[in-house]
Amino acid sequence: MGVSRRTLLLGGAGLVGVGGTCAALTPRGRRLLGWTGPDGVVPDVPPVPVQPTEWGAWMGSSGPTVLVLHGRGGSVRWWEGLGLPRFLHGARFRCAVVNGGDDYWVSLVPPVPFEAALGVSMGGFGVLDLASRQPLKAVAAVSPALFPAWEDAERINGFASREVWEAHEPLRHMDTIRSPVGVWCGREDPFHDAARELARAVGAEASFDHGEHGDGYWRRVLPDAIRFLGSRL
């Protein structure tokens, strides 16, 4: 039986439609279409006190200390914009929020003693690096920027050398992470696969719901990360 030109055209259109749908189901496709879950909202509650210091700021006034590390290009002000002082309302710990540079915290000297740590993106790398070096009561890593290979790390120009990256990359030191770890990373985040690998290896309490590498997702999961820390302090 012959096939008409109209049938061929309709079939071709169907294949394009299927191809478009398949493309949309990739992490990049979902990001482009905004299929990344709802944005989180800063709670309408009073913020905890913020006290500037020479190294950053204290957020909160009492309780055990949580070291807080920002993402690349961040600062105390970035955390304030994200809403951290309001998310901390009712928390039974205080945060030492450190201002850093862009070196993935590899030269970090913590300015105060601390019992737990919270970090986002580059800060997630930083707190997991700390956890590979010392025991902590809890480590909350949100969208941790992890690099399975030197070629991945080299591309972002964040490390002075391959040797520095090898010495600090959490994926290379998972066997020394003994602390309770929480990991949150969106399915549409470029770091999703690496974060899932680490979470599985260290037995982390983890969430990999839809979400991209950005403020909307971070505001959505910050309450869970703060509860995770609070339950262990």
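A residue counts as buried when its relative accessible area is under 20%, as exposed when it is over 50%, and as partly exposed in between (1.4 Å probe, protein chains only). The model is predicted, so local features need pLDDT of at least 70 and side-chain atom pairs count only at pLDDT 80 or more, while totals for chains, interfaces and linings use all residues. Residues are numbered from 1 along each chain as its sequence is written, and side-chain values use heavy atoms, with hydrogens and water left out.

The chain has 233 residues, of which 46% count as buried. Its secondary structure comes to nine helices and eight strands; these are DSSP runs, numbered from the N terminus, with helices (H or I) of at least four residues and strands (E) of at least two. Contact here means heavy atoms within 4.5 Å. Of the contacts in the chain with a separation of 6 or more, 65% are between residues 24 or more positions apart.

Val98 lies in strand β4, residues 94-98. With a relative accessible area of 5%, Val98 is buried. Leaving out residues up to four places away in sequence, Val98 touches Trp55, Leu67, Val68, Leu69, His70, Trp105, Leu108 and Pro111. Val98 and Trp58 are 40 residues apart in sequence, and their C-alpha atoms are 8.7 Å apart in space.

Ser121 sits in the loop between β5 (116-120) and α5 (122-131). Ser121 is buried too, because its relative accessible area is 11%. Beyond its neighbours within four places in sequence, Ser121 is in contact with Gly71, Val142, Ser143, Pro144, Ala145, His213 and Trp218.

Asp215 belongs to helix α9. Asp215 has a relative accessibility of 33% and therefore counts as partly exposed. Residues up to four places away aside, Asp215 touches Trp78 and Leu82. Gly40 is 175 residues from Asp215 along the chain, with 8.0 Å between the two C-alpha atoms.

Helix α9, residues 215-230, also supplies four residues to the lining of the largest pocket, the largest share. A pocket is an open set of points on a 1 Å grid over the protein atoms alone, where a 1.4 Å probe fits, with protein on both sides within 12 Å along at least five of seven lines; lining residues have an atom within 4 Å of a point. The largest pocket holds about 180 Å³ of space. Thirteen residues line this pocket, and Phe87, His89, Ala91, Ile226 and Arg227 are the closest to its centre.

Methods. Points joined across faces, edges and corners; volume = space filled by probe spheres on them.
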